[in-house]
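Hi,

My notes follow below it.

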Amino acid sequence: MDVILNDHFVLVQRKSQMSLHQLPKREGKQWTIKIGRDQVDLSTALGKPHGTFKLSRNEQNKSKGFVLVPSSEVVEMKEKLKDLNSGENNKEIWDDGKSQQLKKEDIEELRGQGLTGSEIVSQLVENSKTFQIKTEFSQEKYLNKKEEKYSEWVEIFKPNIRHLAKFFHSQDPMQILNLRPDTLAMIMSLANIKSNGKFGIFDGGCQGLITAAILDRIQGHGTLWNLFLKGNPQKRLIQAMNFTPEQLKPLRNCNLRKLKETLLKEENEGDEVPAAKMIKLDEDAPPPLEFGSLDGLVIVCRRPNSIAKELVKLLAPSGNFAIFCPYSEPLSETYIDFRECNLAVNLKLTEAWFRAYQVLPLRTHPEVNMSGSGGYILSGIKVVS
């Protein structure tokens, strides 16, 4: 059974609010995080299985906020208040700001007294002049809104690729180049990512999301070259996946500037083997990166044209590639270049757009806020003419 451990990352969710946190490296250290308006000691979940937790007042020091107690069931507020009356329509309700008799100071006082979220919402309902004449649908919307603030249950997840992709896309889509979870799945399929293969990834702005997805797919079997131009490769989401040393074993970082110098030197020297390759490799060590040695290639960046034409040289004949860009114009140029040079067959430029719908009891309509585009993917199979 997976349990929450020191120095591991976890995803904490209360209703629609989700956040990513790393637990302290040192045992016994208190680790307070903020969930909504509540201060919660995350270290109280250490050693417990991932799942549902209830926020409970710290009995030793109530001013220190909440501790996490494992819970096997969740009782929604609408279940507790389901016996209340409701109206037929909302025509008698006026939004004048006077329907709620409890003031902000009164609510803070209730919180200070240690009342649970359900008890606070019950007080808000009892002191509302209009709640019982609202329609059942309006009451449910009201309770859902209050649950966002006062719910006493949280979910703690072990990070996986789908959760991390959804979380970062909901927080700031351009932080991962507007890459949605379904688009990520398309890239993995088009690049033919599988175990025991040799793959390359150039991540130009996805925080290591696709690198982590490939490592998760191959599960320690194969080789993954993490290609970058300068500085250090992006690895934020690789760390967030809590990979074991065995799962990280296939990962090899490669500076493209140094690689180009080495390969050009090798070409100029003819049959002479560079000193770096004369070293005897261990049985488990991956072969060195050469032209035409990769089974699959993934490129993710804003301007892929020049880098794609260079990196495709590393791909073996019949190797699959997938190039993702949040804009269509750069990929259109790459598409034309590849067609003119006869570099690939089955060359396709795909728009990965998805319309999110809000499903309600009485109606269904698109979400009010959504991204205008989900990015574009250029895919194909390399050929040698």
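In helix H12, the buried residues are Pro-330, Leu-331, Thr-334, Asp-337 and Phe-338. Keep in mind that this is a predicted model. Those five sit on the same side of H12, because the arc they cover around the axis is only 120°.

As for the helix itself, H12 runs over residues 328-341, and its 14 residues reach 20 Å from the first C-alpha to the last, close to the 20 Å expected. After H12 comes Asn-342, with a positive phi near 55°.

Is Lys-382 buried or exposed? It counts as buried, because its relative accessibility is 11%, under the 20% cut-off. A polar atom of the Lys-382 side chain lies 3.1 Å from the backbone oxygen of Val-312. Leaving aside neighbours within four places in sequence, the contacts of Lys-382 include Val-312, Lys-313, Leu-315, Phe-321 and Leu-343.

Now the nonpolar cores. The largest has 39 residues, and Leu-209, Ile-210, Ile-214 and Val-298 have the most contacts inside it. Helix H7 (residues 209-218) gives the most to this core, with 7 residues. The core lies between domain 1 (3-74) and domain 3 (161-270 + 280-382), since both give residues to it. Apart from it lies another core of 26 residues, with Trp-225, Ile-299, Cys-325 and Leu-331 among them. Leu-331 is also one of the buried residues of H12.

For Val-298, again leaving aside neighbours within four places in sequence, the contacts include Ile-187, Ile-193, Phe-202, Ile-210, Ile-214 and Ala-322.

Last, helix H5 (residues 161-171). Its buried residues are Ile-161, His-163, Leu-164, Ala-165, Phe-167, Phe-168 and His-169. Among the elements that cover them are strands E1 (9-14), E2 (17-22) and E7 (153-157), along with helices H6 (181-190), H7 and H8 (236-240). At the start of H5, a side-chain oxygen of Asn-160 comes to within 3.3 Å of the backbone nitrogen of Arg-162.

Cheers

Key. Residues numbered from 1 in each chain as written. Predicted model: local features only at pLDDT ≥ 70, side-chain atom pairs only at ≥ 80, totals over all residues. Heavy atoms only, no water. Core = buried A, V, L, I, M, F, W, Y, C linked by side-chain atoms within 4.5 Å. Buried < 20%, exposed > 50% of the residue type's maximum accessible area, 1.4 Å probe, protein only. Helix = DSSP H or I, 4+ residues; strand = E, 2+ residues; numbered from the N terminus. Domains from an automatic or database assignment. Contact = heavy atoms within 4.5 Å. Expected span 1.5 Å × (residues − 1). Arc of directions from axis to C-beta. Polar contact = N/O pair within 3.5 Å; in protein donor to acceptor, adjacent residues only side chain to side chain.
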